[in-house]
Every structure is written in structure tokens, then in C-alpha cells.
Amino acid sequence: MVILIAIAKPLGTYMAQVYESKPCGLDRAVGWLERLLYKASGVDPRQEMGWKTYAYAAVLFNVIGLLAVYVILRLQHLLPCNPQGLGAVSPDLAFDTAVSFATNTNWQSYGGETTMSYFSQMVALTVQNFVSAATGMAVLVAFIRG
């Protein structure tokens with residue numbers, strides 16, 4: 001608890017600077033990576049997005065994540081890191097799980113280690129756990145900035 005309280009102010013200041021596109025302490029260290037990602041994805045960081053473009057990008061990003069989780073769960077029997085030899089997740093459970101992780105509700109109606117392979121848990125569920133929350137934060141910041 002002490003550590004969380006101690007880092008709250010510096011982390012909040014850092015996040016505010018990033019969200020407002022102000023220089024921050026990590027620009028020199030990872031600025032090259034940010035520029036590379038912008039270039040690779042065709043993004044012009046100087047151009048603002050309108051609300052329609054932003055909404056389209058957020059929805060598209062979440063739909064792609066949902067479909068990726070669904071496909072991984074349906075094909076987990078063919079993917080690596082499945083030492084138990086677990087079979088494919090049923091279509092309805094795979095869809096339900098993909099939707100719940102994409103919407104960050106994370107409702108689970110299965111026993112994780114008896115239904116999901118290590119690969120499914122690591123690549124599909126853990127990644128989607130992070131990106132769904134990160135998307136929510138990005139939408140919130142866009143809403144506040146608007």
C-alpha cells in the first residue's frame with residue numbers, strides 16, 4: 001500500500017504528460033520505438049483524429065481482438081503449449097469467453113486449467129485482459145479531452 005501511494009503522484013503526472021502529448025522522461029529512451037510504430041502503422045502523430053475516426057478505430061481494434069481470442073480458443077488443440085492435449089473450446093464457450101474478455105467483464109464459465117491450454121491463457125486471455133482495459137483508458141482520455 002505504501003508503494004502504491006508513493007508512486008501515485010509521479011505516475012499520474014507521467015500519464016497526464018503522455019495524454020496531453022507533452023514531453024516526458026521516456027522520450028529519449030523509447031521515442032525511436034514510438035516513431036517506428038507510427039511509421040509502420042501509417043499514423044501521422046501531428047494529425048488529430050475526429051470522434052468518428054476514433055470510434056471506428058476503437059471498435060475495430062476490439063472486434064479484431066475478439067476474433068483473435070475466438071480463433072485461438074477454437075484452434076487451441078493445434079497450437080503450441082498444450083501439454084495436456086486439451087481439445088478445441090466449444091463454439092459457444094469460445095464466443096462467450098472472447099466477448100467477455102473483449103468487454104473487460106472477464107466472466108468465466110469454465111475451469112481454466114482443464115479447459116484452456118497454456119497458449120490460450122497466455123496469448124489470448126492475458127493479452128486481451130490488458131488491451132481491453134487499455135482501450136477503455138484510451139476511450140476515457142479521448143472523452144475527457146473532447
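Tutor: Let's start with contact, which means heavy atoms within 4.5 Å. This is a predicted model, where local features need pLDDT of at least 70, side-chain atom pairs count only at pLDDT 80 or more, and totals for chains, interfaces and linings use all residues. Residues are numbered from 1 along each chain as its sequence is written, and side-chain values use heavy atoms, with hydrogens and water left out.

Student: Which residues is Val 89 in contact with, leaving aside its neighbours within four places in sequence?
Tutor: Val 89 is in contact with Leu 73, Arg 74, Gln 76, Ala 94, Thr 115 and Met 116.

Student: Why is Gly 31 called buried?
Tutor: Buried means under 20% relative accessible area, exposed means over 50%, and partly exposed is in between (1.4 Å probe, protein chains only). Gly 31 has a relative accessible area of 4%, so it is buried. You'll find Gly 31 in helix α2, residues 27-41.

Student: And why does Cys 81 count as partly exposed?
Tutor: Cys 81 has 40% relative accessibility, so it falls in the partly exposed class. Cys 81 sits in the loop between α3 and α4, and its phi is near 60°, a positive value in a residue other than glycine.

Student: What makes Asn 104 partly exposed?
Tutor: Its relative accessibility is 36%, so Asn 104 counts as partly exposed. Asn 104 lies in the loop between α4 and α5 (112-115), and has a positive phi of about 65° although it is not a glycine.

Student: What makes something a nonpolar core?
Tutor: The term is for a set of buried Ala, Val, Leu, Ile, Met, Phe, Trp, Tyr and Cys residues joined through side-chain atoms within 4.5 Å. The largest one here has 15 residues, and Val 69, Leu 73, Val 89, Tyr 110, Met 116 and Leu 125 have the most contacts inside it. Its largest share, 5 residues, comes from α4.

Student: How many helices and strands are there?
Tutor: There are 6 helices and 0 strands. Both are DSSP runs, numbered from the N terminus: helices are H or I, at least four residues, and strands are E, at least two.

Student: Why is the protein said to be more spread out than a compact globule?
Tutor: The globule rule is 2.2 Å times the number of residues to the power 0.38, and the radius of gyration is taken over C-alpha atoms. For 146 residues the rule gives 15 Å, but the radius of gyration is 19 Å, well over that, so the protein is more spread out than a compact globule.
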